Amino acid sequence: QVQLVESGGGLVQPGGSLRLSCAASGSIFSINVMGWYRQAPGVQRELVATITSGRVTNLADSVKGRFTISRDNAKNTVYLQMNSLKPDDAAVYYCNADISVSPLVRRSFWGQGTQVTVSS
C-alpha cells in the first residue's frame, strides 16, 4: 500500500504565503512524477505544478512567478511554495504521485486533499 499525506493548507489573506507538503510512504520502488492539482467548487480539477524525479518542473500559467514546486527524493516528499496568493487560488489542493511499486508495476496515487482558503 502507498499513502500520500498532505499538510500545510489553511486560511491566508490575499498576498500571503503558504507551503504545502506531501509525503509518500509505503511500498515504493521509485517515484517518478509528483505534482499538485487543485479543485474549486463547481470547477474541474486542474493541474497546478509537476516535478520529475530529475527536478524538471512544469507550472500552470496562472501560478507561474508565484508558486514553486520542489521535492526531496530522500524523503519522498514534494512541496508547493505558494506566494502572492489570490482569492482565485482558493481550492482543495491534491497531491499526486506516479509511483513504481515494483520494477514492472507503476500506478498513480492521490492524497486526501488539503483546503487552501484565501480571504481577508
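Biologist: How many bridges join β5 to strand β6, and how do the two run?

Modeller: The model is predicted, so local features need pLDDT of at least 70 and side-chain atom pairs count only at pLDDT 80 or more, while totals for chains, interfaces and linings use all residues. Residues are numbered from 1 along each chain as its sequence is written, and side-chain values use heavy atoms, with hydrogens and water left out. Strands are DSSP runs of E, at least two residues, numbered from the N terminus; two of them pair if DSSP finds at least two bridges between them. Here β5 and β6 (residues 57-59) are joined by 3 bridges and run antiparallel. T50 stands opposite N58 in β6.

Biologist: Which residue takes a positive phi in the hairpin of β5 and β6?

Modeller: R55 does, near 70°, in a hairpin with 5 residues between the strands. W36 has A49 in β5 as its bridge partner. The hairpin of β4 and β5 has 6 residues between the strands, and G42 in its turn has a positive phi of about 75°.

Biologist: What kind of aromatic pair do Y37 and W110 form?

Modeller: Rings of Phe, Tyr and Trp (its six-membered ring) pair if their centres lie within 6.5 Å; planes under 30 degrees apart are stacked, over 60 edge-to-face, and the rest tilted. The structure holds 1 aromatic pair. Y37 and W110 are edge-to-face, with 5.1 Å centre to centre and 65° between the planes. Y37 lies in β4 (residues 30-39) and W110 in β10 (residues 106-110), so the pair ties together parts 73 residues apart in sequence.

Biologist: Where does the charged end of R45 sit?

Modeller: A charge sits over a ring if NZ of Lys or CZ of Arg is within 6 Å of the ring centre and within 35 degrees of the ring normal. The charged end of R45 sits over the ring of W110, 4.6 Å from its centre. Likewise, that of R19 sits over the ring of Y79, 4.1 Å from the centre.

Biologist: Which cysteines does a disulfide join?

Modeller: A disulfide is a covalent bond between the sulfur atoms of two cysteines; the search takes sulfur pairs within 2.5 Å. C22 is joined to C95, S to S 2.1 Å. C22 is in β3 (residues 18-26) and C95 in β9 (residues 91-100), 73 residues apart. The S-S torsion is about -80°, so this disulfide is left-handed.

Conventions
Helix = DSSP H or I, 4+ residues; strand = E, 2+ residues; numbered from the N terminus.
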